[in-house]
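Dear colleague,

A short account of what was found in it comes after.

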Amino acid sequence: MKLTRQNLNPGPSKTTGIEPSHVFPVYSNIRIGPVVKKDVMKASTMLEHESQYATILAFDVKVERDAQEMADTLGVKIFQADIIYHLFDKFMAYREELKQRKREEFKHVAVFPCKMRIMPQFVFNSRDPIVVGVMIEGGIVREGTPICVPSKELMSKEWKYVHRREEISDSA
């Protein structure tokens, strides 16, 4: 087993002798043997810093019952597999799930940049409320996206806030 500054290259399994080719990120501790309460306590310290890394990857080892119970109460996630590829897949799926949860949690706060061009032949109402057809040239338009236009002097890089896009009508 080789430990670099940020990654762990797992060594061969104690039963099969097969060397895995995956590299796991390491943020805390490495120990050989069954997962015990002490391991859960060490992993739980990550809950204060980055809760997504409060995990234990148990490759081809037993997880003791009291350690599992403690992990469940503290919020430490234990991944266990006899095949390193399955362990890697479980861990990466967990991280992707966390990433999706964060996206959902903050999607109402995030502003997704978008570049659009007003199509002159589709200006239906030029006053309050402004109703125009646009061509999306790049990015993503979502409900609530603020719409801004550049000032007449493009060199000043000042933008004038126009309105929040409230409704999408896809008539194309």
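This is a predicted model: local features need pLDDT of at least 70, side-chain atom pairs count only at pLDDT 80 or more; totals for chains, interfaces and linings use all residues.

Residues are numbered from 1 along each chain as its sequence is written, and side-chain values use heavy atoms, with hydrogens and water left out.

The structure holds three aromatic pairs (rings of Phe, Tyr and Trp, the last by its six-membered ring, with centres within 6.5 Å; planes under 30 degrees apart are stacked, over 60 edge-to-face, the rest tilted). Phe122 and Phe124 form a tilted pair, at 6.2 Å centre to centre and 50 degrees between the planes. Phe122 is partly exposed, at 33% relative accessible area, and Phe124 is exposed, at 59% (buried is under 20%, exposed over 50%, partly exposed in between, with a 1.4 Å probe and protein chains only). Phe79, Phe91 and Tyr94 form one aromatic cluster.

Phe91 and Tyr94 are also among the buried residues of helix H3, together with Ile84, Leu87, Phe88 and Leu98. H3 (residues 84-106) has 23 residues and reaches 33 Å from first C-alpha to last, close to the expected 33 Å (1.5 Å times one less than the number of residues). Helices (H or I, at least four residues) and strands (E, at least two) are DSSP runs numbered from the N terminus.

Thr145 lies in the loop between strands S7 (131-139) and S8 (146-150) and is buried, at 10% relative accessible area. Thr145 and Val111 are 34 residues apart in sequence and 6.2 Å apart in space, C-alpha to C-alpha.

Yours sincerely
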